[in-house]
Amino acid sequence: QVQLVESGGGLVQAGGSLRLSCAASGNIFSSPAMGWYRQPPGKQRELVASITSGGITNYADSVKGRFTISRDNAKKTLYLQMNSLKPEDTAVYYCISLPRTVAWGQGTQVTVSS
């Protein structure tokens, strides 16, 4: 059974950094792309960053220049380096295949205090 397990979240002050990881099982990394979504409190889930199997990346305007998505295909692990964090980055962060072919994982909570 394919699983996605996110980790690395936590509480950080504004301006700080966190690195999220997503460990994937099965053959999910053979998907055309992988992505990080986030769901702020009371809001809908939104795509933050994506990376194709060939390494092409794309970012939401709100995180460009601050977040970096990367992947280690040998380890089947997806990463999200988050720098210069802002309170509005507070959310539960999820990784997923693109297109989505598996269930969402449990996510990892990121809380940025002002």
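Predicted model: local features only at pLDDT ≥ 70, side-chain atom pairs only at ≥ 80, totals over all residues.
Let's begin with strand E7. E7 pairs with strand E8, residues 77–82, in the antiparallel sense over six bridges, and Phe67 stands opposite Met82 in E8. The two strands make a hairpin with four residues between them, and in that turn Lys76 has a positive phi of about 50 degrees.

Now, Arg71. You see an arginine in that list of buried residues, so let me give you its value: Arg71 comes out at 15% relative accessibility, which is why it counts as buried. What does the side chain of Arg71 reach at 3.1 Å? That's the backbone oxygen of Phe29. There's also a polar contact of 2.8 Å between the side chains of Arg71 and Asn73. Leaving out residues up to four places away in sequence, Arg71 touches several others, including Ala33, Met34, Ile51 and Leu78. Take Met34: it's 37 residues from Arg71 along the chain, and their C-alpha atoms are separated by 8.6 Å.

Next, the disulfide. The count is one, and it joins Cys22 to Cys95, with S to S at 1.8 Å. Cys22 lies in strand E3 and Cys95 in strand E9, so the bond ties together parts that are 73 residues apart in sequence. Both cysteines are buried. The link is right-handed, with 45 degrees about the S-S bond.

On to the aromatics. Searching the whole structure gives two aromatic pairs. One of them is Tyr37 with Trp104, edge-to-face, at 5.2 Å centre to centre and 85 degrees between the planes. Tyr37 sits in strand E4 and Trp104 in the loop between E9 and E10, 67 residues apart. Then there's Tyr94 with Trp104: the centres are 5.7 Å apart and the planes are at 75 degrees, so that pair is edge-to-face. Put together, ring pairs link Tyr37, Tyr94 and Trp104 into a cluster.

Is Trp104 buried or partly exposed? Partly exposed, with a relative accessible area of 29%. Tyr94, on the other hand, is buried, at 10%.

The charged end of Arg45 sits over the ring of Tyr94, 4.0 Å from its centre. Elsewhere, Arg19 lies over the face of Tyr79, at 4.0 Å from the ring centre.

Notes. Residues numbered from 1 in each chain as written. Heavy atoms only, no water. Disulfide = S-S within 2.5 Å. Buried < 20%, exposed > 50% of the residue type's maximum accessible area, 1.4 Å probe, protein only. Contact = heavy atoms within 4.5 Å. Polar contact = N/O pair within 3.5 Å; in protein donor to acceptor, adjacent residues only side chain to side chain. Pairing = 2+ DSSP bridges. Phe/Tyr/Trp six-rings, centres within 6.5 Å; stacked < 30°, edge-to-face > 60°. Lys NZ or Arg CZ within 6 Å of the ring centre and 35° of its normal.
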